[in-house]
Amino acid sequence: MASELLNPESANWDVERGAFNVLLDQQPAGIAVPQSTDDVIDVVRAAAADGKRVAAQRTGHSAAPLGSLADTVLIRTGGLGGVEIDVEKGSARVGAGTLWGDFVPGASEQGLAALHGSTPTVCIAGYSLGGGVSFYGRKHGLACNRVSAIELVTADGELRRVDADNDPGLFWALRGGGGSFGVVTALEFGLLDLPEVFAGALFFPAERAGEVLHAWHEWTATVPEETTSVGRLMNFPPIPEIPEPFRGKSFAVVEVIHCGDAASGEELVAPLRELGPEMDTIATVPPAGIADLHMDPPEPSPYSGTSLLTEDLPAAAIDAMLDAVGPGSGSQLVAVELRHCGGAFSRAPEGAGALATLPGSFLAFGVGIVPVAEAMAPTLGWLGAFREAFEPYDAGRYLNFCDDPTDLETAFPAETVARLREVKQRYDAENLFHANHPVTS
Ligand SMILES: Cc1cc2nc3c(=O)[nH]c(=O)nc-3n(C[C@H](O)[C@H](O)[C@H](O)COP(=O)(O)OP(=O)(O)OC[C@H]3O[C@@H](n4cnc5c(N)ncnc54)[C@H](O)[C@@H]3O)c2cc1C
């Protein structure tokens, strides 16, 4: 029976309650590991009858904002797999437990891509429900707005298939409004005809960070929407898991992802290459070939992070960031970065979901590894300084990147928040579903 829950005595309790940030200690009221949609229905009905709440989770990448799960049944969705790709229609259907790493290589072999994120370990469902900022997004917008249908079990214990014609209000809310409305069992979305991208990273010695990041920042104002890039500072820890030649070293890094041919890509990156990088991995690769480009940790680790969206930035903002966490600051944050956004992220497509656009021009993100408790205070200090550098240009929040409880009003216009609350009231007035960034009625 799927509604029979794992408890702390169960053999796999610690595996199933694990979050991606190992500093978190999730202690739910019970854990269900459904293997089918019927199992999900059973669990939702049983939890509601038992006066418990329900939280869906696959990877625990965004477990931090959930708070206490003491009265909540955690549904771990890893058993809800299945990937179907319709090459003719350019569309896909995936089970809610599917990770980008389960999907991208197979689509890539067929010359197709989705609006996937920077790392294969992220789950398509959580990513898409929260928006979905892809390296192809300046050209193609947010992933949630490519979703064409969602199947979910709602608070009444019923399975619904929602799309533009069926429960359109709920379909709207799910696309960017997150996991507050039910347990998603499957999603369908449109694909891109994208056999290859021109992509990779340029690594410069950290001492050149000022020169490199200013040049990159000026360059972003000149590139077409086909081109997304990330300007970063990276301090690789001196641990065996980090390969040579990165181990224990610091770099200024520029990542480039160009959805165009090699000739136009070569021309675009020429000014960056003229700066003389120490390493240059930019080449023509299939979308599956950029799985490791962003060098996200593949395994759960102890960390703390911060993020905000910014308006267009003046050069002084780059200087402020360098003063806060650049060479000479003492910062040991493993990565700080600015992702170039704008372009199609800024335009609401017809029939868009709740997250119609991503405000601002850059997505700032900083993260520090916290291997021992004493490392937390300095890490929070550097993260705070990084954030302060951009606060004068604050454009709001992208909830998928927020590890703290965050006001919905910082992520959506007031009328969107009001509409999300109406949908919540209509489909889950008792607040059965416990989401990372909750919508409450
Ligand atoms: C290393 C790393 C790299 C990342 N890169 C990117 C990136 O490039 N672009 C980007 O946009 N984001 C990125 N993210 C952020 C990521 O999109 C969010 O953390 C997202 O919430 C992860 O979804 P998940 O399902 O894997 O996580 P989980 O923590 O398992 O789920 C997060 C939330 O999603 C909802 N949810 C998940 N599954 C379901 C379901 N079946 N039904 C209902 N609700 C559900 C729930 O509300 C849940 O609390 C990254 C995160 C990490 C840790």
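The largest cavity is lined by Trp-100, Ala-114, Leu-115, Ser-128, Ala-143, Arg-146, Val-147, Phe-189 and Gly-190. A cavity here is a set of points, on a 1 Å grid over the protein atoms alone, where a 1.4 Å probe fits but cannot get out, and lining residues have an atom within 4 Å of a point. The model is predicted: local features need pLDDT of at least 70 and side-chain atom pairs count only at pLDDT 80 or more, while totals for chains, interfaces and linings use all residues. Residues are numbered from 1 along each chain as its sequence is written, and side-chain values use heavy atoms, with hydrogens and water left out.

The space in this largest cavity is about 60 Å³, a volume being the space filled by probe spheres set on grid points that are joined across faces, edges and corners. Its lining has 6 nonpolar, 2 polar and 1 charged residues; Ala, Val, Leu, Ile, Met, Phe, Trp, Tyr, Cys and Pro count as nonpolar, Asp, Glu, Lys and Arg as charged, and the others, Gly among them, as polar. In total there are 3 cavities of 30 Å³ or more. The second largest cavity, of about 40 Å³, has a lining that includes Gly-130, Leu-309, Arg-397 and Phe-412. That lining divides into 8 nonpolar, 2 polar and 1 charged.

Pockets are open sets of points with protein on both sides within 12 Å along at least five of seven lines. The second largest pocket has a volume of about 270 Å³. Of its 15 lining residues, Gly-18, Arg-58, Thr-59, Arg-76 and Pro-300 lie nearest the centre. By class the lining holds 6 nonpolar, 6 polar and 3 charged residues.

The chain is divided into domain 1 (13–78), domain 2 (79–193 + 414–427) and domain 3 (197–401), with bounds from an automatic or database domain assignment. The centres of domain 1 and domain 3, taken over C-alpha atoms, are 32 Å apart.

Phe-20, Asn-21 and Leu-23 supply 74% of the area that domain 1 buries against domain 3, more than any other three residues.

Definitions and conventions:
Buried area = accessible area lost by both parts, 1.4 Å probe.
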